[in-house]
Amino acid sequence: MTEQTATAGGRDIFFVSNSFDELGGVTTWSHQMARLFLERGHRIHIVGITDSDVPQDLGCRLPYPTTTLYEVRPPKVGPALGLKGKLNLVARLRRAARTAGMHEQATKLSRMFNAARPGAVVIVTQVWAMEWVRLADTSNVTVIGMSHESYEYSKATSRFGRVKKYFAEADHLLLLTQEDADLWIRQGLDNVGYMPNPLPFMPDEPSQRTEKVVLSMGRLTDQKGIDMLLDAWAEAAPLNPDWVLQIYGDGEDEEALKKQCTHLGLDSSVEWRGRTGDVPGALRGGSVFVQSSRGEGFPLALMEAMAAAVPCAAFDCAPGVREIIRDGEDGLLAAPGNTHELAQRLNTLMSDQELRDQMGELARKNIQRYTTDEIVRRWEELFAFLER
Amino acid sequence: MPDVSVVVIVYNDAGRLPTAVQSVLGQTYQSVEVLIVDDCSKDRSFQVAKELEAAHPGRVRAFQLPENSGGCGAPRNYGISEALGAYVMFLDSDDVLEKNACRNMIAAAERTDADLVSGMCVRVYVDSRHAKTVEWYPWLYSRSRTIESITELPDLLVFDTLSTNKCYRRSFVLEHNLQFPVGIHYEDLLFSAQAYVAAGRIALIPNHVYFWNISEKASTKSISNRRHEIANFEHRVEIHRRVDELLQANGYEDLKFHKDVKFLKHDLVLHLRDLPLVDHEYRREFRDLADAYLAAVAPDAYDEVQPFQAICAYLLRRNDWANLLPAAQALASPGKLTSSLVERDGRVYWCAEHLDDPEGARILDVTGLGYHTRPLTSFSLGNRLTSYLDNGVGKVRLSGSVVNPLGRVTADAKLAGTLELRARRTSLQSFRFPLTSLAHDGDALKWTAEADIAGTLRPLGVIDAVWDVWVNLEVDGETLRTRVAVGSIDVDSAHALQVRPRLSRLVADRIKPSASKKGNLSYVLAAESRLSARTQNLIQHALQSKAADLTKTSLRKVRKAKKDLHSGRTKIRVYHEVFSKLPVKKGLVVFESHLGKQYSDSPKAIYEEMRRQGVQFKAVWSYAGNQPTGFPDDVTLVKRWSYPYLRALAQAEFWIDNQGFPLKLTKRDETTYIQTWHGSALKRMGFHEPRLKLRSRAGQDDFQRTLDRFDHFLIRSEHDAETLAKGFRLRPEVLTRTGYPRNDKLVAARKREAETGSRERGALAAELGIDEAKTVLLYAPTFRANAQGTVKRFEPPFDVEDFAWRFGDRYTLLIRSHYLNQVVLPPSVQGRVLDVTGLHDITPLLALADGLITDYSSVMFDYSLLDRPMIFFAYDYEEYANETRGTYFDLREKAPGPVVTTESELFAAIDELKATDTEYAEARRRFVAGFGEYDQGDAAQQIVAKFFTSGSGK
């Protein structure tokens with residue numbers, strides 16, 4: 001085994017993302033992992049291709065360097081489609097300028113990679129960033145690409161083709177679950193593995209599940225499917241008249257959803273709580289957690305709820321969901337979009353305290369397979385494996 | 001010490017060995033060693049191995065067996081004994097490993113702690129134009145999985161019998177002393193079986209790991225060079241016997257059964273297909289070997305395989321070659337019928353023999369294949385050459401015999417026919433010669449033909465080298481096309497005939513009869529003179545040149561452009577950008593029922609009412625499929641999705657349909673869309689269905705736009721307003737409370753019956769030949785789709801023969817399955833059970849039936865208007881109601897008739913149909929009031945009055 005030699009003094013680990021601070025899950029994840037690796041003695045460098053539209057507040061000074069490649073955003077050009085596209089001179093010039101610029105920025109990456117010590121790793125967290133990394137000299141480093149969403153979700157976007165094309169050139173591509181990895185393998189990628197996200201925190205004080213409260217947490221956007229949650233609640237609430245549904249989060253659909261809630265006659269049993277800064281506190285106040293998303297990757301919200309010993313009912317909308325929840329054991333799943341079934345699952349949990357307690361406690365225990373220690377160990381094992 | 005040892009075996013393959021070895025050295029996983037074991041080659045293989053060893057010290061080792069072993073077993077065993085790695089893999093010198101193979105296998109082995117990891121093998125056809133690849137049993141490798149015992153996945157042992165796409169823990173191999181057998185072919189079968197059985201845990205990964213290069217030179221084998229195949233079969237059977245012993249010793253009876261099934265499905269079939277082409281001696285030896293092995297095959301295994309696989313195996317055991325050879329031919333060519341068949345006691349059998357043996361009767365029963373009901377044109381009849389004569393120059397005289405299944409070509413049928421020679425690759429030309437005779441002869445049709453091939457046939461040359469021989473029979477105006485099987489006629493030794501290709505005789509000067517791969521008669525162009533032989537070579541060379549590639553590329557582009565013109569995308573664009581700019585034509589009405597598949601339902605009722613009232617309009621009906629039948633003569637027919645169809649829709653004043661015109665077509669404001677819909681809902685619909693709820697907002701908006709095209713949506717009750725209208729989020733003003741035009745006739749029938757006190761049967765009863773004295777029952781189930789929306793195959797959920805036996809003297813049962821399904825009824829139920837699936841319109845059937853059996857079909861809502869008895873055969877209600885999308889109400893509570901779940905309950909309910917009927921009269925009345933209040937018999941009149949009489953607005 002080469003593990004000891006390579007990690008003595010730590011590895012040089014680069015994170016390359018679209019931007020180092022854009023608002024979103026990937027940024028949160030990158031900085032969480034960066035700190036964890038730092039604690040293990042690795043050297044970290046976070047690289048963004050360009051600056052962000054909506055930056056995320058990353059708190060005080062970061063304990064590792066960050067670099068943004070472009071000072072001015074690279075021009076946007078679509079692919080040349082058909083004869084008309086090929087003859088479009090303006091677009092052609094812009095495309096040429098963009099390609100030249102990409103090579104220039106990739107040279108910066110090459111310099112960083114070539115300066116790294118042997119055993120260095122480049123983690124490319126998004127496929128867009130890979131378009132630069134692939135142009136750089138990576139002979140001195142191991143390139144690990146990542147796709148932080150489910151296969152199905154990628155499939156509906158342009159990322160599907162790009163993942164197949166660009167990440168095929170990485171040494172390794174990580175998906176969130178084995179099921180997602182298998183689907184990519186069946187698309188012809190043979191450099192694929194998987195790595196779950198780490199649990200963000202383990203609350204010291206779990207929920208006692210005494211309040212008659214069902215919790216939902218997530219942005220009020222189409223993807224989170226709160227409209228379907230309200231449909232389900234309209235079926236489940238009359239059977240459990242003393243329970244309330246607390247909906248945490250805000251977002252563009254807030255108004256429409258509140259209107260739907262009123263229209264369904266649910267105003268007395270639904271509480272709109274807005275965005276919260278105290279997730280553990282909110283979780284302590286609930287007895288059941290519900291997630292009704294149209295699509296997910298490896299949802300942190302479920303992991304947090306389980307860590308707080310709150311049993312979950314969720315749409316089985318992604319491999320990550322059925323990976324986190326063991327259906328019938330530490331939570332309950334419903335067929336995606338089947339609000340009737342989701343209502344039944346909620347009803348099952350609301351009407352059976354014993355089941356709630358049993359599933360909640362087991363959830364808190366089971367979710368510890370994703371603790372930060374465990375996930376960091378798996379990463380370091382992977383680094384070593386890829387050197388064999 | 002390396003982690004993985006890859007044993008590369010080689011025999012007389014010096015040329016390819018370096019590529020194989022390089023595929024290991026170039027692995028992304030570095031800790032790998034190569035052991036080359038040369039089976040004492042006669043060529044430079046061992047030298048090359050030594051050179052590789054010298055070039056890669058410490059990574060490659062070369063060994064040579066002292067003498068040739070003639071197989072793969074001995075060198076691999078030697079490799080195992082010399083291996084040092086924690087894991088062992090095998091590679092043949094003509095194949096290669098995928099470059100991540102070792103990394104993926106070792107990752108899986110370490111993750112799962114399995115003794116054996118197996119990945120997907122890919123067959124590469126190296127001689128095909130684009131190196132075609134085929135995955136080897138991909139269903140076994142669709143996802144990563146770990147099994148604790150081979151009994152969890154018998155198919156793995158049964159199908160994936162390769163040793164090479166696997167990675168074995170070396171300590172596991174040594175501990176169980178796993179060895180390849182030596183001195184016998186198919187050593188992989190035994191080795192892999194031993195490994196599967198011994199393994200404590202097996203991991204499967206979906207990755208491609210091994211590329212199996214296959215070169216198939218297209219030379220057809222003559223009988224003489226098939227001799228070695230009998231030895232192969234002997235080895236195959238012997239290996240199977242040893243695997244069976246292994247399984248038995250481990251108590252794996254269930255695995256043995258799976259293996260038996262596979263033997264019938266696969267191993268035997270490989271050889272059965274060739275039987276019509278091999279000589280007598282071969283057949284005898286083959287039969288003896290097969291019979292000995294088949295004796296140990298479980299009788300139940302025959303039930304698990306395709307009919308012809310079972311029939312062939314059975315007839316082989318009975319040594320009945322007269323019936324076996326045609327069956328083997330049918331096996332080789334699906335859709336071909338090579339026996340005249342017999343009918344006994346209402347069942348159809350492959351042959352008249354062996355029916356006294358219960359096993360024989362069971363296996364030879366082919367009733368389910370529908371040979372007695374399906375049109376003769378739907379399968380190809382077996383045609384066997386009985387003589388072949390030529391004059392040595394250019395004329396031939398052929399005769400043959402065509403089967404006449406169950407005498408379906410009757411003695412008085414008008415017969416004629418032609419012999420046709422048709423180029424296989426490009427069907428630019430065909431040459432026909434009239435048959436000189438064609439007549440009944442016992443249970444077959446005999447024919448003869450004379451053809452002056454030299455004088456008539458003018459191939460182009462080069463591109464049309466193979467000419468297939470067809471015999472086309474004209475039977476009462478219908479054409480039955482048949483290929484001519486060579487059978488026992490020796491055409492190989494017949495003369496080559498003269499021929500004059502249009503590209504001059506430089507390219508070919510002779511044409512020779514020959515048997516195709518499947519044993520059918522063809523003629524092949526040949527170059528006999530030296531000059532044409534040379535030209536042939538030149539042309540073959542030119543065809544592989546760069547210039548030829550360029551030509552082919554341009555041809556492909558032209559073909560693509562043609563395809564694009566007829567693609568959906570282009571059509572939709574033309575509809576919007578061209579046709580929709582044309583003026584709307586007053587009085588142009590486009591009708592469509594069930595996506596063009598029928599002339600039926602409310603669109604038909606409205607159309608007929610318009611005709612009855614003499615409305616001035618231009619009727620266009622849409623049809624799906626190739627040949628529209630059953631539509632009225634005085635309408636313009638347009639094929640769904642054709643340009644005329646799109647143009648008619650773009651210019652129509654009215655759209656009338658019952659399901660939905662193509663979703664991507666925008667309706668113009670000047671066009672009025674009357675959506676009649678096709679039934680009240682039990683199942684949740686539209687936005688009440690999970691799959692639509694799940695769509696993104698944009699996806700939901702798209703769907704809503706297609707629904708918003710409806711200007712009028714017909715409903716038959718407030719139930720529809722609560723369910724369908726809400727599920728489709730229709731605007732209130734769109735709802736049109738007229739009832740369904742299609743049901744006007746049912747309401748009228750009910751009224752007539754009440755007034756006259758008697759039930760008229762009408763023309764349909766006579767057409768179907770229904771006995772006046774019998775009660776007519778209609779069985780009309782809904783179709784069942786699985787979660788992905790694919791329609792499941794339909795089998796009547798009760799035994800129709802039992803029904804006929806028990807009720808045939810009292811009832812006539814009409815079966816109407818969903819139009820996407822097909823039913824096959826045995827001859828035994830003739831006259832007592834009728835298949836009426838083919839009729840377009842169900843309404844006359846409802847009016848005819850004295851009672852209805854259904855499950856969840858919306859016909860229940862329509863039929864209840866007749867106030868006649870109904871039985872609900874809801875044998876899978878829970879599954880239907882819950883599994884997919886849920887229902888609006890519980891059918892079991894509201895059903896206006898008995899709800900039964902088993903065949904015996906169904907038969908009991910049928911038995912007491914009349915007696916219990918009055919019980920349900922009140923429930924029926926409530927049902928009609930709840931679901932059909934607006935069906936008052938004047939729906940079509942209301943529609944016509946509202947939209948189509950002068951002065952009526954939209």
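Tutor: Contact here means that heavy atoms lie within 4.5 Å. This is a predicted model, in which local features need pLDDT of at least 70 and side-chain atom pairs pLDDT 80 or more, while totals for chains, interfaces and linings use all residues. Residues are numbered from 1 along each chain as its sequence is written, chains are lettered from A and ligands numbered from 1 in the order written, and side-chain values use heavy atoms, without hydrogens or water.

Start with one residue of chain B. B:Ser857 sits in the loop between β35 (851–854) and α28 (859–863) of chain B; helices (H or I, at least four residues) and strands (E, at least two) are DSSP runs, numbered from the N terminus. Leaving aside residues up to four places away in sequence, B:Ser857 touches B:Ala780, B:Pro781 and B:Thr782. B:Ser857 counts as buried because its relative accessibility is 11% (buried is under 20%, exposed over 50%, partly exposed in between, with a 1.4 Å probe and protein chains only).

Now turn to a helix pair in chain B. The axes of α10 (residues 280–294) and α11 (residues 307–317) of chain B come within 9 Å and cross at roughly 105°, which means that α10(B) is roughly perpendicular to α11(B). From α10(B), B:Phe286, B:Arg287, B:Ala290, B:Asp291 and B:Leu294 meet B:Ala313, B:Leu316 and B:Arg317 of α11(B).

Two of these residues are also paired with each other. The side chains of B:Arg287 and B:Asp291 form a salt bridge, at 3.5 Å from N to O (a side-chain nitrogen of Lys or Arg within 4 Å of a carboxyl oxygen of Asp or Glu). B:Arg287 and B:Asp291 are about one helical turn apart, because four residues separate their positions in helix α10 of chain B. B:Arg287 is buried, at 13% relative accessibility. Salt bridges with shared partners link B:Glu281, B:Arg284, B:Arg287, B:Asp288, B:Asp291 and B:Arg317 into one network.

Chain B also meets chain A, in a contact that takes 22 residues from chain A and 32 residues from chain B. Six salt bridges are counted between chain A and chain B. One of them joins B:Glu110 to A:Arg388, with the closest N and O atoms 2.4 Å apart. This pair runs from helix α4 (residues 101–112) of chain B, which holds B:Glu110, to the segment after α16 (372–387) of chain A, which holds A:Arg388. B:Glu110 is partly exposed at 39% relative accessibility, whereas A:Arg388 is buried at 15%.

Technical notes:
Axes fitted to C-alpha atoms, helices over the stretch in contact; angles between N-to-C directions. Parallel < 35°, antiparallel > 145°, perpendicular 65-115°, else oblique.
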